[in-house]
Amino acid sequence: MATTSARSVRTAPKQVLKAAKKVAKKPTKSVSNKTAAKSASSSRIQLQKLPKALLLQMHDLMIKSRVLEERLIKIYKAGDAYFWIGGPGEEAWAVPLGLLANKGQGPKHDYYHLHYRGTPTVTAMGMTMIDSIRLIMNRATDPCTGGRNFSGHYCFPQWNVVPATSPIETQYVMALGTAHVQKRYHKANSEKNAITIVTGGDAGTAEGDFASCLVWASRRGQELPILITTQNNRWGISTAFDGQHGETNIADRARAFNIRSRVVNGNDPVESYLAIQEEMQYIRKTGKPSFIEAKVSRLFGHSSASGANFISHEQDSVREFEAALIDAGYLTTDKAKEIWAAYEAEGFAAQQQVKTELGPEAATVWDNIYVGNENADWRKF
């Protein structure tokens, strides 16, 4: 079965690059010149708080994630995938979350319990475009599920990225398990370097799993090293936030459990990076939980179930951050277009490659259900 590396995918035919450049030159619908200018002005001070190299790295990864998500939507709309769900609009929050990982396998490294909008985070951790495309197109070469699940359901054991689940917010109680393991590991090894990170959406905080996470993470004297986060895009499919929540901020609920909490502008990558870094350092030092509510955008609706169409009035953090970098002289317009075009070409080439790959065979349906496939096939019990 044919495969390709990330490097080879980036090397695309000239006609592909030419077409991609045309796409990159198109003005964004989501940010007016006035809005972009205002954002650039307000972000100029923030830019000084992080090294230039880091800012440019975040910008590059944010573009990569956005272009990937748009490619996945195109794949779905072309009929080459059954469903799309992802995180366009959350890049400014989710890319820093991935960059700050203590990445590795086992309890001495961070565990990530992501929901289905984790594409920017795993992209920042090192996921290639082609592997995300293999997932949405249900190919046997998909490293996350072997072609057995749909988009956004990432799993990378080598990075402690726990399998994403479709039932809403179950990751909040699952995260308690890895945090308990880390607490025991820390005690046995006299260190507090690893933490558990869990993400979820604002609508899902209505679930009991979310409340259980707050309870069990904060028991006095038995606190867990866990960063609990909620990405608040103010929508639950088609239900607005304002009609469902009595609290001013979701972060207010954590304070009732004496959990340190804060609200951040998830559309500002600098603010997000610094907040996540500070809270991770707090948890690593104390072994106690922390909570962050990130206010983010939902640029293409809930999922393909709601059309996956661009929402023009939502804030576009990628374009605004790019405008701020250009305004500050950290980036040129031509260089920005080059980055967009390169990832457009990579995504297109990856899609063409994956079209040649096969789906999973029926005989593999029971694989990877239990460790070592023990009792996986009910017909052999």
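**Helix packing and nonpolar cores**

In this predicted model, helix 4 (residues 52-77) packs with helix 7 (residues 129-136) at an angle of about 30°, and their axes lie 10 Å apart. Because angles under 35 degrees count as roughly parallel, helix 4 is roughly parallel to helix 7. The crossing of helix 4 past helix 7 is right-handed.

Helix 4 brings Lys64, Val67, Leu68, Arg71, Leu72 and Ile75 to this contact, while helix 7 brings Met129, Ser132, Ile133 and Ile136.

In soluble globular proteins, nonpolar side chains tend to be buried together. Here the largest nonpolar core has 67 residues, and the members that touch the most others are Trp93, Tyr112 and Met280. At least two residues of this core come from each of helix 4, helix 5 (91-99), helix 6 (119-125), helix 7, helix 11 (269-286), strand 7 (290-295), helix 12 (317-327) and helix 13 (333-355). Helix 4 provides the largest share of the core, eleven residues.

What does Tyr112 touch, leaving aside residues up to four places away in sequence? Its contacts are Leu97, Gly98, Leu100, Ala101, Thr121, Met125, Asn160, Val161, Val162, Ile197 and Met280. Met280 is itself one of the core members with the most contacts to other members.

Definitions and conventions: Residues numbered from 1 in each chain as written. Predicted model: local features only at pLDDT ≥ 70, side-chain atom pairs only at ≥ 80, totals over all residues. Heavy atoms only, no water. Axes fitted to C-alpha atoms, helices over the stretch in contact; angles between N-to-C directions. Helix = DSSP H or I, 4+ residues; strand = E, 2+ residues; numbered from the N terminus. Parallel < 35°, antiparallel > 145°, perpendicular 65-115°, else oblique. Left-handed = near helix turned anticlockwise from the far one by under 90°. Contact = heavy atoms within 4.5 Å. Core = buried A, V, L, I, M, F, W, Y, C linked by side-chain atoms within 4.5 Å. Buried < 20%, exposed > 50% of the residue type's maximum accessible area, 1.4 Å probe, protein only.
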